Amino acid sequence: MRTACLLLTASLCFSADLFRDDFSRFPAGWLSNPIGQLNGAIQEYHYIEHRGVRTHPWRNPIVHLDSWVVSEEDGKPYIEQHLVNDMPGRTTPLFVTGDEEWSSYTAEVSMKPLSLAERAGIAFRYHTSRHYFLFALTSGKQAVLEVRQPIEKVLRQAEWRSIAAADFAYSTEQYYRLKVENEGEKIRAYIDGQLVLEATDAELTKGQAGLMANVPARFMSFAVTASDDAKKAIDARITQREAELKSLRGANPKPVLWRRFHTPLFGAGRNTRFGDLDGDGRLDMLIAQNIPRVRGDAFDHISCLTAVTLDGRILWQLGKPDPRNGLLTNDTPFQIYDLDGDGRNEVVLVRDFKLQVLEGATGKLKQWTWMPRAAPDNKERPYERNNGDSIAFVNGEILIKDRYRWFWLFDKDLKLKWQGEGQTGHYPYPVDTDNDGKQEFIIGFSLWSHLGKRLWSHDQTLKDHADAISAGSFGPDPKAPVRFYACSSDEGFVVFNADGGILKHVLLGHAQTQSVGKFRPETPGLQIFIANFWRSPGIVTLFDWEANILAQKEMAPGSTHLAPVNWRGDGNEFALLSANTRDGGMIDGQLRRVVMFPGDGHPDLAYHVANVTGDARDEIILWDRDRVWIYTQDRPFTGQRIYSPRRNPDFNDSNYRATVSLPDWK
């Protein structure tokens with residue numbers, strides 16, 4: 001009979017059992033499956049608990065890999081890693097469980113390798129998918145103890161440190177019982193009851209446990225056990241942690257529902273914009289649906305636009321709504337902005353190969369022009385004209401980019417002023433670097449002047465594209481020269497000075513999203529949160545303004561925007577993971593989940609942070625394709641002055657933008 005338990009339900013466990021599973025509860029087949037025509041990037045900025053079967057308390061850290069299948073062999077259930085990993089130097093399929101406080105435990109599993117080409121075995125002392133210990137069989141002839149390092153030395157080459165190795169010939173025709181014992185810093189590794197490796201290593205002495213395989217391999221009967229004393233010590237640490245979290249959460253305002261409404265047929269994922277459309281001084285919501293064309297994330301077209309107030313009243317709608325068209329894995333070119341400066345917002349968008357301006361209050365077309373023609377040498381050129389990827393406003397003018405080569409600057413009358421070429425990345429960031437009253441902007445890894453001069457560039461030296469970029473003086477001196485902070489995909493986190501010199505380059509994996517705020521009030525300057533995605537999703541790292549790592553933890557299934565939240569109003573900001581009641585919440589500068597959302601059935605697919613009710617603190621707008629819920633604090637603000645940070649404007653919004661929250665008070 002199968003027994004599975006975690007320490008949080010220790011009363012149900014056998015003495016000294018931390019966890020035990022024979023995988024029999026899972027249905028036969030893939031534990032995950034691709035989500036329709038959308039690729040794994042759907043989890044870059046949407047919360048999705050799983051991609052097929054609910055596996056909790058197990059989890060697949062590399063969420064975009066559909067690695068794990070379940071079946072039976074001779075009547076016994078097994079779980080199999082079935083993919084051929086064509087990039088073992090960059091990522092590894094994993095399946096892990098447990099608690100970060102697990103220590104001095106024994107993990108064991110029966111494993112049958114189905115290939116001799118690469119490693120397969122037990123992951124232990126697991127901290128993140130880029131930092132854990134491994135006991136594995138490899139190359140058909142060896143048993144190894146290794147530890148993966150969180151920071152690479154060479155781009156796209158995982159950094160492993162060898163601890164011990166021994167000759168061990170094995171085949172693909174039988175199961176081997178692998179067992180690894182942790183006793184403080186000591187490690188002993190066994191195969192079929194025989195000690196094969198022994199070492200002492202203090203780099204990590206606690207963490208989760210699970211399965212790892214770079215080749216197809218089958219696993220049966222997984223167990224984690226500990227001595228009674230070790231189990232009591234683990235229980236005590238978990239109890240202390242939970243008590244501390246309870247105290248922290250009790251000291252913070254709780255989220256309470258302020259407003260909710262449905263979005264029948266016209267709802268979408270994170271393809272929305274916020275701004276005052278009807279001129280009443282309050283935020284409205286503009287929801288875009290899209291139909292992918294050519295391929296899933298480069299040539300989709302906006303199919304329906306719906307303008308709705310935050311009490312659910314539809315202002316106008318263009319196009320035919322269809323919930324099938326609600327999700328996407330890229331940007332789409334539309335924004336809310338007062339283009340003509342008359343105090344009333346317009347909607348600026350690209351649709352049907354036209355740059356269009358609509359009345360914000362009615363959706364009525366005011367003016368339009370054709371988009372530029374596509375370059376003859378574009379690698380992909382399905383259309384004669386460009387269809388656009390995203391829109392930003394720089395010095396009141398319209399910057400439109402494609403994916404990922406060209407961008408164009410149009411004036412307020414929709415006249416093309418100039419165009420640029422380069423590795424454009426996902427979204428630009430405007431900033432006045434020389435205090436002349438005109439914004440320059442960084443797009444990709446290049447800085448451009450407002451007149452179209454490229455001031456410096458690393459487009460040719462950095463080997464990936466820019467995901468989220470911020471710029472500013474984030475140190476203790478707000479008048480210091482501007483620095484540029486780039487989440488640079490596989491290039492990790494890169495910091496440039498005002499002249500384009502690289503000040504710091506941290507190869508921490510695929511850096512995807514970024515937010516800047518006052519997350520540690522006791523630390524000088526601002527702090528920068530970064531979340532990874534491809535090949536190491538869900539790893540959250542907090543940096544200081546000089547790009548020194550302050551904390552790191554694996555916190556989310558997929559990536560997250562980590563948007564700054566002025567929840568307390570006292571100058572201490574939190575970062576929002578998601579609204580999920582288990583995986584989400586707001587985290588502080590110590591990476592603790594200090595605000596959690598109630599289990600009331602609210603949506604948790606996407607979110608936006610904004611001051612809606614007017615007291616300078618932020619509300620949380622949550623939605624999925626069917627409904628919108630808005631949360632505020634359960635108590636009024638009582639201080640003498642209230643924190644009111646300055647953020648980059650809503651009219652420059654993107655699924656990829658970095659959110660910057662600069663200190664200010666009312």
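This is a predicted model: local features need pLDDT of at least 70, side-chain atom pairs count only at pLDDT 80 or more; totals for chains, interfaces and linings use all residues.

Modeller: The largest nonpolar core has 48 residues. Phe-135 and Leu-211 have the most contacts inside this core. A nonpolar core here is a set of buried Ala, Val, Leu, Ile, Met, Phe, Trp, Tyr and Cys residues, joined through side-chain atoms within 4.5 Å. Buried means under 20% relative accessible area, exposed means over 50%, and partly exposed lies in between (1.4 Å probe, protein chains only). Strand β15, residues 217-226, supplies the largest share of this core, with five residues. Strands and helices are DSSP runs numbered from the N terminus (strands E, at least two residues; helices H or I, at least four).

Residues are numbered from 1 along each chain as its sequence is written, and side-chain values use heavy atoms, with hydrogens and water left out.

The pLDDT is the predictor's confidence in each residue, from 0 to 100. Its mean over the protein chain is 95. Of the residues, 97% reach 70 or more. Residues 1-14 have pLDDT below 50. In the model, that stretch still has 29 contacts beyond near neighbours in sequence. Contact means heavy atoms within 4.5 Å.

Back to Leu-211. Leaving aside neighbours within four places in sequence, Leu-211 is in contact with Phe-23, Trp-58, Trp-68, Ile-79, Pro-93, Leu-94, Phe-95, Val-109, Gly-121, Ala-123, Phe-219 and Phe-222.

Now Phe-135 and its strand partner. Strand β8 (residues 131-138) and β9 run antiparallel, joined by seven bridges. Two strands count as paired if DSSP finds at least two bridges between them. The bridge partner of Phe-135 in β9 is Leu-145. Three residues lie between the strands in the hairpin of β8 and β9. There, Ser-139 takes a positive phi near 60°. Strand β9 itself spans residues 142-148 and is mostly covered. Six of its seven residues are buried.

β9 also pairs with strand β10 (residues 160-167). That pairing is antiparallel too, over seven bridges. Val-147 has Arg-161 as its bridge partner in β10.

The loop between β9 and β10 holds Gln-149. Gln-149 counts as buried because its relative accessibility is 18%. Beyond four places in sequence, Gln-149 is in contact with Arg-130, Glu-159, Arg-161 and Glu-203. Its side chain makes a polar contact with the side chain of Glu-203, at 3.1 Å. A polar contact is a pair of N or O atoms within 3.5 Å; within protein, one must be able to donate a hydrogen and the other to accept it, and residues adjacent in sequence count only if both atoms are side-chain atoms. Gln-149 and Gln-367 are 218 residues apart along the chain, and their C-alpha atoms are separated by 55 Å.

Next, an open sheet. Four antiparallel strands lie in the order β25-β26-β27-β28. β25 (390-394) and β28 (416-421) stand at the edges with a single partner strand each, so one side of each has no neighbour in the sheet. The twist averages 20° from one strand to the next. Axes are lines fitted to C-alpha atoms, for helices over the stretch in contact, and angles run from 0 to 180 degrees between N-to-C directions. β25 and strand β26 (residues 397-401) run antiparallel, joined by five bridges. Ser-390 has Lys-401 as its bridge partner in β26.

Strand β27 (residues 406-410) contains Trp-408. Trp-408 is buried because its relative accessible area is 2%. Not counting residues up to four places away, Trp-408 touches a set that includes Met-371, Pro-372, Ile-398, Ile-400, Leu-416 and Trp-418. Its side chain makes a polar contact with that of Gln-419 (3.2 Å). Arg-617 is 209 residues away from Trp-408 in sequence and 37 Å away in space, C-alpha to C-alpha.

One further open sheet has the order β33-β34-β35-β36, with antiparallel pairing. Its edge strands are β33 (469-472) and β36 (502-506), each pairing on one side only. Neighbouring strands of this sheet are turned by 10° against each other on average, direction ignored. Strand β35 (residues 493-496) pairs with β36 over four antiparallel bridges. In β36, Ile-502 is the bridge partner of Phe-496.
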